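Good morning, colleagues. I would ask you to look at the sequence and the structure together, and then to follow me through the core, the chain interface and the domains.

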Amino acid sequence: MDFDLSEEQRLLKESIDGLLTDSYNFEQRKKYMKEKGGWSKTVWLKLAEQGLLGLPFAEADGGFGGGGVETMIVMEALGKALVLEPYLATVVIGGGFLRHAGTDAQKAAHVPSIIDGSKTLAFAQLEKNSRYDLFDVTTTAKKKGDGWIIDGEKFVVLNGENADTLVVTARTKGDRRDRSGIGVFLVPGTAKGVTRKGYPTQDGLHAADITFTGVEVGTEAVLGNPEDSLALIERVVDEARVALCAEAVGLMDESLKTTVEYIKTRKQFGVAIGSFQSLQHRASDMFVAAEQARSMSMFATMAGDFEDAKERTNAIAAAKVQIGKSLKFVGQQSIQLHGGIGMTMEAKIGHYFKRLTMIENTFGDTEYHQRRVADAGGLI
Amino acid sequence: MDLAFTKEEQAFREEVRQFFRDNVPPETRRKMVEGRHLSKDEMVTWWRILNKKGWGVSHWPKEYGGTGWTAVQHYIFNEELQAHPAPQPLAFGVSMVGPVIYTFGNEEQKKKYLPRIANVDDWWCQGFSEPGSGSDLASLKTKAERRGDKWIINGQKTWTTLAQHADMIFCLCRTDNNAKKQMGISFIVFSMKSKGVTVRPIQTIDGGHEVNEVFFDDVEVPVENLIGEENKGWDYAKFLLGNERTGIARVGVSKERIRRIKELASKVESGGKPIIQDAAFREKLAACEIELKALELTQLRVVADEGKHGKGKPNPASSVLKIKGSEIQQTTTELLMEVIGPFAAPFDEHGDDGSNEAMDWTAQIAPSYFNNRKVSIYGGSNEIQRNIIAKAVLGL
């Protein structure tokens, strides 16, 4: 057991922290939001240049063979800087599907263009009534000759409006909530029959609602077993949850730091408000919450490598619960301690709060995961 | 960063676990599982078994009988000890006065006291708190006056845990009234059998007798019983309190209690079925387990950090251990109360001194709940812990 970063990991952290310090302060971020798609292609290519977009891919596929800890380091840094670029959608999720289930041909077709920053991906999974259940799928994929025809509607697809490739979950067999009969398909974003309605999200990212009407794809579109890919989906989504936990830790660190700086300088009654014990104790509780979250983010990272899928899922669910509780407290209290200024779009703290809040509602909230841990019989 | 236990660490865990299975007296274990008090004999017997194995003062330097284990090994040992469960070594001797003596004491004092601490030949108690000095410990008034080759001690200590068993006390005494309050304190040890020492029990709300008031009335103590330098006692006290940062989370204790909650909750019925099948109860329990897992990881981070970078510079996360550890311990006792419901009521008016088992063992659940309110008060109340985080970590 060793919680210190290795030499390579330390260099990775320095590299991404350095990049973001130079090119991602709050003012720069505002500019990036106004660019096409709501994020900066320039920053994205810088991430590519430093090898960060190829981080988790095997060396044989042109990547760097990074593991969970490497992704944790990157996601924490992205959280700290409140980064808008679609790293989660493209590298963690899209890349995750390709890494775990892509054939050599599929990897060759997609991985190099992810690594060099030329293409992005999006995960079209959420449906109108599926909420957080990954097996609740009504979008259909019907066999036609060698290929498939996809019909259905997907919602709040992060990076969905501009992604070059959509990773779509669709039912090939069975009823709406059957655990079997679900496949994963790689669909070009511009395929005939794909309609995308894009919009900004609460936290400044972009998503789309996407309709698939008789979309025809060939065999090269099928990732894994088209009739039984729930385990694959669960694995990749677990990795996305782990990444979100790390991002949230970065966001909480920065929220706490910003808030503590603020109460040290803001004066009322002739003194810095940070000299009041009630505020000191609140800030201390925020620190406790953030540290507990950091511990569970590490636990989730560790669990990503568990061989037993049930154990992995249970551990990551537990982490998402702790992260959810901590982010709510740290986020809300950051606004409270800032007072009125925290309510303004102009101050950066509110944007951290909004991103944290959206993480809570992505891939299962606190209640959802707490129920899963309870149903699994707990952790002890 | 490598977050898994190594093969060697896992093998060590097995070795420790097996030793506890083979050597903890079954009666001792049973009483601990049921939350009963142990007699002095039962505790001392176990500690001597541990000391014979060479594990009685595991974290001491090797030259004084320590093991030379890594920080992670100490963590594993403590966790297994708490989870078995078996009594932890007597903190007042092994974790508190022992390290002060081998760090600040002279050779004679080391030779005289350390082996007896390790074998619990002397039972030590802690003379810190006073009626007027709780969180503001440095305001203490108990006086030690130099008269020839003796200290004459007068005053009163309180909350003195298990003083009724004690042979020795380490005591913070004021030796200079004119200095700033932290600068006039000395660290003096003496026999509880000395003339002028009176111990009066304090009964706590659970009905138990763990803590005492201790009065000193012209107690004569040889001058050589001063540890370290005169008027430097506050530094030694801070050193002593900083030593026990990681044990205070009591992760193993809470784990053991959660196992017990599950065991009981699958027997006790609510709505015609075991309460463990009640979704709301299960979620509450899961919430507690998740917090505990987070605490366990936080503790491991602190342990690993101390192992690597020494104990000199506290890891900021260590302040979390006391607050969260105490909250979780309290939550587990609340959950036990919820499980037994109306059967929490019967009170064993004879108290539980380890001898009376006439009452159903569920009788210990409410007292344990009442008793555990102490954990957010002692060792620096949780409010004081928040002050420490605000000041030392956040710079407020």
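Within the largest nonpolar core of this predicted model, which holds 213 residues, Phe185(A) and Ala248(A) touch the most other members. The element that gives the most to this core is helix H7 of chain A, residues 230-265, with 18 residues. Which residues does Ala248(A) touch, leaving aside those up to four places away in sequence? They are Gly79(A), Ala293(A), Ile323(A), Leu327(A), Leu356(A) and Ile359(A).

I turn now to the two chains. The contact between them involves 38 residues of chain B and 35 residues of chain A. On the chain B side, the elements that give two or more residues are helices H8 (251-265), H9 (279-309), H10 (318-340) and H12 (382-393). H9(B) supplies the largest share of that side, 16 residues. By class, the chain B side comprises 22 nonpolar, 13 charged and three polar residues.

Finally, the domains of chain B. The assignment gives domain 1 at 7-89, domain 2 at 124-231 and domain 3 at 248-393. The centres of domain 1 and domain 3 of chain B, taken over C-alpha atoms, are separated by 20 Å. Between these two domains of chain B, 19 residues of domain 1 are in contact with 19 residues of domain 3. On the domain 1 side, helix H2 (26-33) and helix H4 (71-83) of chain B are the elements that give two or more residues. H4(B) gives the most to that side, with eight residues. The residues of the domain 1 side divide into eight nonpolar, six polar and five charged.

Key: Residues numbered from 1 in each chain as written. Chains lettered and ligands numbered in written order. Predicted model: local features only at pLDDT ≥ 70, side-chain atom pairs only at ≥ 80, totals over all residues. Domains from an automatic or database assignment. Contact = placed C-beta atoms within 7 Å. Helix = DSSP H or I, 4+ residues; strand = E, 2+ residues; numbered from the N terminus. Nonpolar A, V, L, I, M, F, W, Y, C, P; charged D, E, K, R; others polar. Core = buried A, V, L, I, M, F, W, Y, C linked by C-beta atoms within 7 Å. Buried ≥ 20, exposed ≤ 12 C-beta atoms within 10 Å, placed from the backbone.
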